[in-house]
Amino acid sequence: MIRAHHAAAVRAAEEPLLAAGEPLMASAAFALATHVVAELRARGRVAGSVVLLVVGGGNNGGDALFAGTHLVRRGCQVHAALVSGDVHPQGLAAARAAGVVVHRVLDDADPAAAVLALARRCGVWVDAVTGIGARGPLRDPAAAVVAALAQERAGWPQEPVVVAVDVPSGIGVDDGTVEGPVLPADVTVTMGTAKPGLLLPPASGLAGRVEVVELGLDALAAEPPAACSLTAADVADLWPVPGPDDHKYTRGVLGLAAGSQAYPGAAALAAAGALRTGLGMVRYLGPEVPAALVRTRHPEVVTVPGRVQAWVLGSGVGPEDAARTHELYEHLRAALDARQPVVLDAGALTLLHEDDHLPDLPATAVLTPHAGELAALLTARGEETGREEVTAAPARHARLAAEITGATVLLKGPTTVVAAPDGPLYAQHDATPWLATAGAGDVLAGVLGALLAAYGDLLAAGTADGGGLPASIAAVAALVDGRAARLAAGLPPEARAGVPSWTGVRGRSGAPGWTGPVPAGGPALTGVPIAAGDVAAALPAALRTVLA
Ligand SMILES: NC(=O)C1=CN([C@@H]2O[C@H](COP(=O)(O)OP(=O)(O)OC[C@H]3O[C@@H](n4cnc5c(N)ncnc54)[C@H](OP(=O)(O)O)[C@@H]3O)[C@@H](O)[C@H]2O)[C@@H](O)CC1
Ligand SMILES: Nc1ncnc2c1ncn2[C@@H]1O[C@H](COP(=O)(O)OP(=O)(O)O)[C@@H](O)[C@H]1O
Ligand SMILES: [K+]
């Protein structure tokens, strides 16, 4: 699990160490320099390289200035552009003494142009404008400097390596929002622990590879993270593996009320997702057209009522289908009465648009909206918003929906965000954009439903919030589904480093015009198109990569 903590928690953890005289900044600076050297070495040479430090007025800038002293010792030519009138005094003195060339660009009529002129001579740009002390989006003159560098980099094929110190300056450190200019990084060297903005979209897409520097912030180990990303090892911990005494009813039975006369395919795809996840039985309940399709495609599915341990409701049901929507409502009431976990997808989400006919949901109810569906739900519940606003701040909107409904919310998108009313946020960036295809959400609902069915009796017997288990199950479902999509698309199972790789997003290496060396990790692969059914078919292969 990659764990991320809020800025305030990091400060609190640093405090006793600083009071005890621990040289945290020296450690941070040394680690930063080491990572810069590694990037330079991967690209050919260290000594003789020209490095630009873009230095703000706080300790973030201090990290870079001290790192500059190490880089000079390694034979680099280091320039520091000061974008604040008042930078870390000891860092500045040390940098000057070591031979870093200091540029007071604020004395220039156009600081952004001055930094740009310098930057064009440098192979590495170190972004040390702000770290966890940032308040809001960058202000001028730093904003203008960063905007100019970002624009330069976007249009320059022989790009420099960008290394962000702690976070790419300008991101919402605690919430992952991006409200002003940010210079996308190849690598973010983050101090002590990851920060939520390095995991949460959209800022996570600007951080590149994230390297966490161990600073001995032991107090954080005891604290739940504010945000986290699960990795393969976490899947193995949670995945229900049957033992010799298991039978189909102990493995879990999923009730599936999905699909309609208009959209029968959703029923078959959700069933496929559930069956390939592995469970005792899928019990399909719905109209004859989807039921017949399910029986034809998946003869293992039972289509008569009976005992279930969890439900998937609503995939492939349109809000205009009043009769089917009423059936979903009846299933939901029954599931809540029986304390059974339930996935509310697509048409079932509209049941929550009014709050007077249902009790508050428990966290064992998992909503699976995409951004548009979440915006519609929030708007219906008095928090007017739109798809774009949700996409700009997915974590905040997912959490808000969880608080309003009581449920766990799995918000689909390029990065899947999971929020319960409390507890950590989960950010899973395991898939590929090829997964954005009709029916993919139905498969995911089936995967999630099967996992909840396996844990159904435990969740029904436990506390209403399931002790945070539904959120981690939802994150695991997104991870495995995402891996299956990658394998189906012919990609390696692992999205790089658990967070978006900037190289992958921008297609930098291998792009037309790219003549520089290929970054460590090899060229970005494109993959091939997939259909939703391919994802379900690839689930066993994806599981082999995490359980074997
Ligand atoms: N504690 C330690 O010993 C350790 C700390 N470490 C490092 O310190 C970093 C935290 O340092 P920090 O607390 O000094 O804050 P920091 O991120 O540099 O930002 C403050 C500066 O930014 C400015 N500024 C703020 N908002 C702005 C905006 N919107 N737009 C523009 N400017 C803005 C603000 O100016 P002001 O608003 O005060 O005018 C001030 O000058 C942390 O991320 C890590 O890298 C590590 O070395 C480990 C040991
Ligand atoms: N750009 C993207 N990159 C990776 N995954 C994506 C992207 N866009 C959407 N997805 C994923 O694709 C799936 C689409 O689901 P959904 O929108 O519900 O489709 P449908 O309703 O047609 O089944 C979700 O798992 C979502 O997280
Ligand atoms: K920074």
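Colleague: What order do the 10 strands take in the open sheet?
Modeller: The order is E1-E9-E17-E16-E15-E14-E13-E12-E10-E11, with mixed pairing. Strands (E, at least two residues) and helices (H or I, at least four residues) are DSSP runs numbered from the N terminus, and two strands pair if DSSP finds at least two bridges between them. Mind that this is a predicted model: local features need pLDDT of at least 70, side-chain atom pairs count only at pLDDT 80 or more, and totals for chains, interfaces and linings use all residues. Residues are numbered from 1 along each chain as its sequence is written, while chains are lettered from A and ligands numbered from 1 in the order in which they are written.

Colleague: OK, which strands stand at the edges?
Modeller: Strand E1 (2-4) and strand E11 (281-284); each has a single partner strand, so one side of each lacks a neighbour in the sheet.

Colleague: And how do E10 and E11 pair?
Modeller: In the parallel sense, over 4 bridges, with E10 covering residues 253-257. Val-253 stands opposite Met-281 in E11.

Colleague: Switching topic, how many residues surround ligand 1?
Modeller: 27 residues, the closest being Gly-57, Gly-58, Asn-59, Gly-131 and Gly-133. A residue is near a molecule if its C-beta atom, placed from the backbone, lies within 6 Å of it. Helices H1 (7-19), H2 (24-42) and H3 (59-73) are the elements that give two or more residues to that shell.

Colleague: Which one gives the most?
Modeller: H3, with 4 residues in the shell around ligand 1.
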